[in-house]
Amino acid sequence: MADEPTTDPADDAQPTPNPKHEWMLGQLRDALDADLLESAVAFDDLVVRVAPGSWRHAAEVARDRLECDYLCFISAIDWQPAPREGDDAGGDTSAPVQPTEMTFGAAGSAGRFQVFAHVQSTGGHHGLTLKTDVGDEPSAVASWVPVYPGADWHERECWEMFGVVFDDHPALRHLYLPNEFEGHPLRKDFPLLARVVKPWPGLVDVEAMPGGDAPEPAAVPAGDEDAS
Amino acid sequence: MSTTDTPATGFAVDRSALHHLADAQVNVELDTGDMILNLGPQHPATHGTLRIVVRLDGERVVTADPIIGYMHRGYEKLTEFRTYPQVTTLINRIDWLSSFANEVPFMDAAERLMSIEAPPRAKYIRTILTELSRIATFLLFLGEMAAQVGALTPVFYGFRDREYVLNLIEAATGGRFHPNFNRIGGLKDDLPWGWIAECRSTMKVVLNACDDFEDLVLGNEIFEARTRGIGIIPDHVGPSYGVSGSNLRASGVDWDLRRDGPPYLAYPDLDFKVWTHPDGDSYSRYWVRLQETREAARMVLQCLDGIPSGPVMAKVPRIIKVPEGEIWVETENPLGQMGYYVISKGGTGPFRVKIRSASFSNVSILPWLLRGVYVPDVITILASLYFILGDIDR
Amino acid sequence: MATIPTLALNIGWGTTLAIKTIVVLTVIPLGAIVLGYVFLMKMMSHMQSRLGPMDPGGFHGWYQLVGDGLKFLQKEDIMPAESDRRVFAAAPAVVVMSTFLVFLVIPMGPDLVVKNLDVGVFYALAVSSLSVIGVLMAGWASANKFALLGALRAAAQLIAYELPLLLAVVGVVIQAGTMSLQGIVLSQQRGSVFGWGGLGEPFVLTQFIGFALFLVASQAELTQTPFDMPVAESELVAGYMVEYTGFRFLFFFIGEFGTAFAFSAIAATLFLGGWAIPGVHGDLANILGPVVLFAKLMIVAFLMFWVRFTYPRLREDQLQALAWKFLIPLGLANILLTGIFKVAL
């Protein structure tokens, strides 16, 4: 029983409506009203964008009305394209070419930063992705810790990597990085330090594989006795 | 048993070092009778560089604060500067004990974004190799949790039997630990001659090993005394922390992404049982993983019986360019639920990859779980949760 | 049977003392090495489906522990900066000293005993508990929280398990009618089982409860799994010994295995008949005695180490509960039964 070809994943234009998605959207619209800004379906996953002011309320709706007891993750997206100095001129073929314009994904975005989370239901086997906009600074948003205790670490990581502040979080401190670390690494304007410290050397001359050119015997160090 | 002297006077505590904790829970002012102990980052029980700062009252834990990040490699940043095939090499090393299983969801994501499908034979072989990685990592767990509890011998049996499975993986892919065998659209190569017969006999060895572990470890009264009732995760607390996989099934939650999630690989064709245990303690976590090892061996045998013939690689362009889109893919990895949220802007590399790793959430429950337990029980609980540092830190 | 010339030599008091000192000083480390090699290196390895040392010395790596000992001797003597230097240095000596002192009363032949004390059993048990002090000293002086935890656990455990040890031995004393170890051996040699004197009367036959108690309690006294909480490798990484390196660690190692040797010898003496084989007396016994005792103590040590490599470890409170709530009542019941049978029969 291979994957059914009837629902072609690329055909986002006319997907077969999923009754679970309809039910979830209905409940969310009912509870959030105008705060439900946009929704979309991306490859069997319902993506919903809510207003930042009702971020925690959306979590409560998801937990109570949509039966989503399982917190999968909370993270953020920085939609700004990474700066592209030098990747064309330097002939750096190691890294993919970065996009030039800021475009947004499923369910749109109002600015550069978005916080997104995925919650699921262990009993009903459905889930959804929630997104909210936090603008360009990014601005603060309510914490999910009172709703899902596991949000503690996810929000710490989000703050550490993107700089999004979560109000009412018990202790917003560094998770992965040392306490003195400055900057928020996952932002697009934070360079990949590995390439800054040591630029990609490009293709280097390598020795021919065995069977090609024979290696010079002089290359082998003399006096290689095995010491037992 | 606790001393009445403040330990801070007996040992010259380096207070400047303590300030680095910057910790809301663990304060620098030591109460009389409480002792702060650092479990890690170098410690045999923490499976790698995990550090837990526990505050002890005698032998009881008052608060526990795990400090992670000693192995943080910045994968999510790195993926933004790598092409899709290059990302495969990176994500292999997230959960290094079952590395084949890490690649599967990402391959799935890339393939679905490109609207290509791996051929059925490739799916079956991927399933077999995923289940083999599951067996490999669980055999290590079965031995090593016994070692944490004090029994020195089952570790060697676990490693010995794991060698057979690793030899199989190496015969098929060329690598024991980081096979790097997946390609977008299928696999690098087909299976070698005689591999299927060898795999069948190895599964018999694995099933025998599971029986041995059941008698030797699960049947041991001292093991039971050390693990029953220890570290109970109730079934309403686990999901709210994101605990997944065998840990959640050991609390009685009947949820397995191979059966309940969107269909992936060859799992829709297989007939397998999802094992749960109502207790939610360390014993049940060991028990569930033991049963799942057996189940994985049976699944491999089923796959071997039903493996279709055909190509192992779909037609893909030479330079992989993935069209614009967003996708969330999750799979049932040995450690729990692993998922990738891939955002693509149409280039040769992803725009943003959010890696949802299982151990991160499994370990986040430790501050709640470790309150009030004895120090030896901390070790038992850590062993039974079974996390891999690479999975926590990415 | 040809007469064996008597070994009645005229040796002075000083020479005797010198010989006895040399014997005690060499037997303990030798015993420790033999036990360590045979059981810790070879038996454990084979049980874990591996080979153990194979190279040092050629034949199955017999030289391994000797080499290890020499290696430890030439290591740098590292002391933690915060430690209490004198206590830190004295602790291993205290532990090892108690082992040597125990060995003074163990008879290896009718005449081969360093000092045949009338209260041999009492002395042996009293002196073996001196090691608790050494452990506490080590844990405190190490200036290390893990060491302290280990030492406190050890102190609680060793004190708790002294009692079952004692109660197990009391049964033997009642049955033998004497506290002198030589007297206990002789009474086992002369005794008979249901009238048949072929085997003598090893007390293990009637004092089987006592034997089991003694084995369990000595396992705990040696801090071996399932009672190795103080030295829990996966938690405290050698517990109270964690800051010790070089020859100080060697002392602890000799102390641990030497005490295992001594306790096995005591168990063999009390329960299995010691150096005695019924029918062998006099000088033949003086020659065969050590060999026989060695064989019997290897059997006991085999049991102890077998359990060590098989079982997980008990948690501290479970360990204490086992001692106080189970073993001590069992020991008391054993004494009661022994007393009744001794008087009635």
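The paragraphs below go through a sheet, a helix, a loop residue and the nonpolar cores of a predicted model. Local features are given at pLDDT of at least 70 and side-chain atom pairs count only at pLDDT 80 or more, while totals for chains, interfaces and linings use all residues. Residues are numbered from 1 along each chain as its sequence is written, and chains are lettered from A and ligands numbered from 1 in the order in which they are written.

Chain A holds an open sheet of five strands with mixed pairing, in the order β1-β2-β5-β4-β3. Helices (H or I, at least four residues) and strands (E, at least two) are DSSP runs, numbered from the N terminus; two strands pair if DSSP finds at least two bridges between them. Neighbouring strands are turned by 20° against each other on average, direction ignored. Within the sheet, β2 (residues 45-50) and β5 (residues 127-135) of chain A run parallel and are joined by five bridges, with L46(A) opposite L128(A).

Two helices of chain A lie across this sheet. Helix α1 (residues 19-32) lies across β1, β2 and β5 of chain A, at about 170° to β1(A). Helix α3 (residues 151-162) lies across β3 and β4 (113-120) of chain A, at about 10° to β3(A). Axes are lines fitted to C-alpha atoms, for helices over the stretch in contact, and angles run from 0 to 180 degrees between N-to-C directions. Contact is defined by C-beta atoms, placed from the backbone, within 7 Å.

In chain B, 15 of the 15 residues of helix α5 are buried, so α5(B) is largely enclosed by the rest of the structure. A residue is buried if 20 or more other C-beta atoms, placed from the backbone, lie within 10 Å of its own, exposed if 12 or fewer, and partly exposed in between. Just after α5(B), S115(B) has a positive phi of about 55°.

Y386(B) sits in the loop between α16 (375-385) and α17 (389-393) of chain B. Y386(B) counts as buried because it has 27 C-beta neighbours inside 10 Å. Leaving out residues up to four places away in sequence, Y386(B) touches F141(B) and L335(B).

A nonpolar core is a set of buried Ala, Val, Leu, Ile, Met, Phe, Trp, Tyr and Cys residues joined through C-beta atoms within 7 Å. The largest has 164 residues, and V164(A) and L132(B) are among those with the most contacts inside it. Helix α6 (residues 120-149) of chain B gives the largest share of this core, 16 residues. Another core, of 94 residues, lies apart from it and includes W140(C) and L314(C).
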